[in-house]
Amino acid sequence: METVIGNPFIKALIILFLVSATTAAGDAPFIISHKKASLTRLNSCAERVSVSIDIYNQGFSTVYDVSLVDDSWPKDLFDIISGNTSKSWERLDAGGILSHSFELDAKRQGMFHGAPAVITYRVPTKVSLQEAYSTPILPLDILAERPTENKLDWLQRLLAKYGSQISVVSIVLFFIYLVATPSKASAAKASKKKR
Amino acid sequence: MAIKILRVFFIGLLLLQFPLFQVVRCQSEIEADVEGSELGIVREDVQDFVGGNFKPAPGVETICLFPKNSAKVVPAGEKTELLVGMENVGQSPLNIIAIEASVHLPFDHRMLVQNLTAQVFDNASVPPSTQATFPYIFAVSKFLQPGTFDLVGTVVYEINQSPYQSTFYNGTIEVVEAGGFVSVESVFLVTLGISLVVLLGLWIHGQFKRISQKTKAAPKVEVGTGTTDASMDEWLQGTAYNQSSSKSKKKK
């Protein structure tokens with residue numbers, strides 16, 4: 001009887017210990033933010049930058065007045081097409097995720113090094129506003145000169161990606177065709193027999 | 001005809017595979033470069049810090065997150081991203097030097113499977129009383145067999161010119177085979193399965209036919225040769241019997 005009561009309790013304790021060991025944050029919130037920027041070439045003199053920022057709360061308590069500000073895109077180099085570089089939310093619960101995205105048009109050619117976005121939030125246990133930084137982004141080569149891709153290279157890439165799948169499917173289909181359709185010689189024999 | 005088609009088909013397949021060998025060779029070189037990409041210019045003294053054994057600083061908290069991958073699935077040979085959260089509770093700013101990781105066997109932590117490429121940073125710092133996130137993109141060897149492995153991730157940083165090191169992750173990852181649903185093995189397996197089902201169906205159909213024929217078949221009545229018309233027999237053509245019958249017919 002005692003072992004039955006003891007075991008689930010001990011299991012719960014072990015689980016709690018493991019969870020706390022992996023997060024190592026006590027009961028405070030831990031904001032992790034992931035910033036991603038991708039380039040899409042519209043034409044030879046325009047490039048679109050799509051920025052998406054995810055905010056995760058990996059801590060154990062809720063954070064309030066979450067505000068995201070991304071001022072790393074100077075106005076003389078980028079035009080905002082859709083969305084806004086800043087956003088705010090009321091709260092982010094423990095284990096929750098918030099996402100925000102916007103699009104910019106790049107005006108000038110060159111290498112651009114972006115700074116991380118800044119996230120500010122409030123916690124009940126502290127008076128001052130807390131700060132967190134998102135991941136930095138890799139340098140963006142705006143309007144880079146792309147070498148013209150050879151048709152042969154494109155074909156090679158396609159082959160490398162789908163070659164094995166195409167060949168195996170074609171082998172199987174060919175085998176089925178061989179088995180299902182009789183050969184011309186045997187067809188002639190069968191018609192002769194009928195006569 | 002079929003053999004001719006077969007020959008042409010297999011020669012065609014062989015020719016199709018030739019350019020593939022070159023492409024595969026190039027790919028491994030490119031991957032190595034991408035894994036080691038930095039977010040800035042490499043520091044000269046990085047080699048002194050990476051691989052060293054330092055203690056963690058007291059005012060630093062670390063956390064690890066696999067974004068949109070709570071099961072910690074790592075496809076072998078493909079890039080996986082994880083985020084390292086650093087909190088600087090201390091009074092001085094923190095400079096991140098590098099993030100490195102290694103894969104170990106789950107049952108014996110001393111057995112090293114693979115050392116993953118370290119990601120070095122040049123200008124990454126965490127001000128005091130702030131949290132910051134850093135990405136770490138890695139790829140395990142594509143020949144690593146699927147299963148559970150131990151991943152140990154450490155971040156090397158310095159505070160006031162003193163190096164420190166913290167382990168942000170020391171747990172299991174699930175290595176799976178990269179590749180979509182259509183692969184060589186799956187296509188062959190599916191075709192084999194379908195053909196076995198079809199064969200079984202044909203056999204059952206044959207059995208049914210045999211059983212139904214046994215019950216339906218009417219008993220055959222032996223007719224004998226008596227009822228056949230003798231004048232219909234071809235083999236009697238030109239013999240005495242036929243000539244006499246034709247004469248009798250003429251007379252009539």
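## Salt bridges in the model

A salt bridge is a side-chain nitrogen of Lys or Arg within 4 Å of a carboxyl oxygen of Asp or Glu. Side chains of opposite charge can pair when their charged atoms come close. The model described here is predicted, and it holds eleven salt bridges over all chains.

One of these salt bridges is formed by the side chains of K68(B) and D54(A), with 3.0 Å from N to O. That distance is within 4 Å, so the pair meets the cut-off. The pair crosses between chains: K68(B) is in the loop between β1 (60-65) and β2 (73-75) of chain B, while D54(A) is in strand β2 of chain A. The two partners can be sorted by their relative accessible area. K68(B) counts as exposed at 61%, whereas D54(A), at 4%, is buried. Salt bridges that share partners also join K36(A), D54(A) and K68(B) into one network.

Which strand holds D54(A)? The residue lies in strand β2 of chain A, which covers residues 46-57. Is D54(A) buried or exposed? Its relative accessible area is 4%. Buried means under 20%, so D54(A) belongs to the buried class.

The side chain of D54(A) makes polar contacts with two side chains that can be named here. One is the side chain of S99(A), at 2.9 Å. Another is the side chain of K68(B), at 3.0 Å. With neighbours within four places in sequence left aside, the residues in contact with D54(A) are I32(A), S33(A), H34(A), K36(A), I97(A), L98(A), S99(A) and K68(B).

## Two salt bridges within chain A

D105(A) and R48(A) form a salt bridge in which the closest N and O atoms are 3.4 Å apart. D105(A) is in strand β6 (residues 97-106) of chain A and R48(A) is in strand β2 of chain A, so this pair ties together parts that are 57 residues apart in sequence. D105(A) has a relative accessibility of 18% and counts as buried. R48(A), with a relative accessible area of 21%, is partly exposed.

D76(A) forms a salt bridge with R108(A), and here the closest N and O atoms are 3.8 Å apart. This pair links distant parts of the chain, 32 residues apart. D76(A) is in the loop between β3 (63-69) and β4 of chain A, and R108(A) is in the loop between β6 and β7 of chain A. At 48% relative accessibility, D76(A) counts as partly exposed.

## Aromatic rings

A pair of aromatic rings is described by the distance of the centres and the angle of the planes. The count comes to ten aromatic pairs over all chains. One of them is the pair of W73(A) and F78(A), which is edge-to-face, with 5.1 Å from centre to centre and 90° between the planes.

F112(A) is buried, and its relative accessible area is 9%.

Ring pairs also link residues of chains A and B: F174(A), Y177(A), F9(B) and F10(B) form a cluster. A charge over a ring is found in chain A, where K151(A) lies over the face of W154(A), at 5.9 Å from the ring centre.

## Annotated transmembrane regions

Where in chain A does UniProt place the annotation "transmembrane region"? The unreviewed entry gives it for residues 12-32 and 159-180. In the model, residues 159-180 of chain A are 100% helix and 0% strand, and the C-alpha atoms at the ends are 29 Å apart.

For chain B, the UniProt annotation "transmembrane region", again from an unreviewed entry, lists residues 187-206. This span is 100% helix and 0% strand, with its end C-alpha atoms 28 Å apart.

Notes
Residues numbered from 1 in each chain as written. Chains lettered and ligands numbered in written order. Predicted model: local features only at pLDDT ≥ 70, side-chain atom pairs only at ≥ 80, totals over all residues. Heavy atoms only, no water. Helix = DSSP H or I, 4+ residues; strand = E, 2+ residues; numbered from the N terminus. Buried < 20%, exposed > 50% of the residue type's maximum accessible area, 1.4 Å probe, protein only. Polar contact = N/O pair within 3.5 Å; in protein donor to acceptor, adjacent residues only side chain to side chain. Contact = heavy atoms within 4.5 Å. UniProt positions renumbered as here; feature names shortened; annotations may be inferred. Phe/Tyr/Trp six-rings, centres within 6.5 Å; stacked < 30°, edge-to-face > 60°. Lys NZ or Arg CZ within 6 Å of the ring centre and 35° of its normal.
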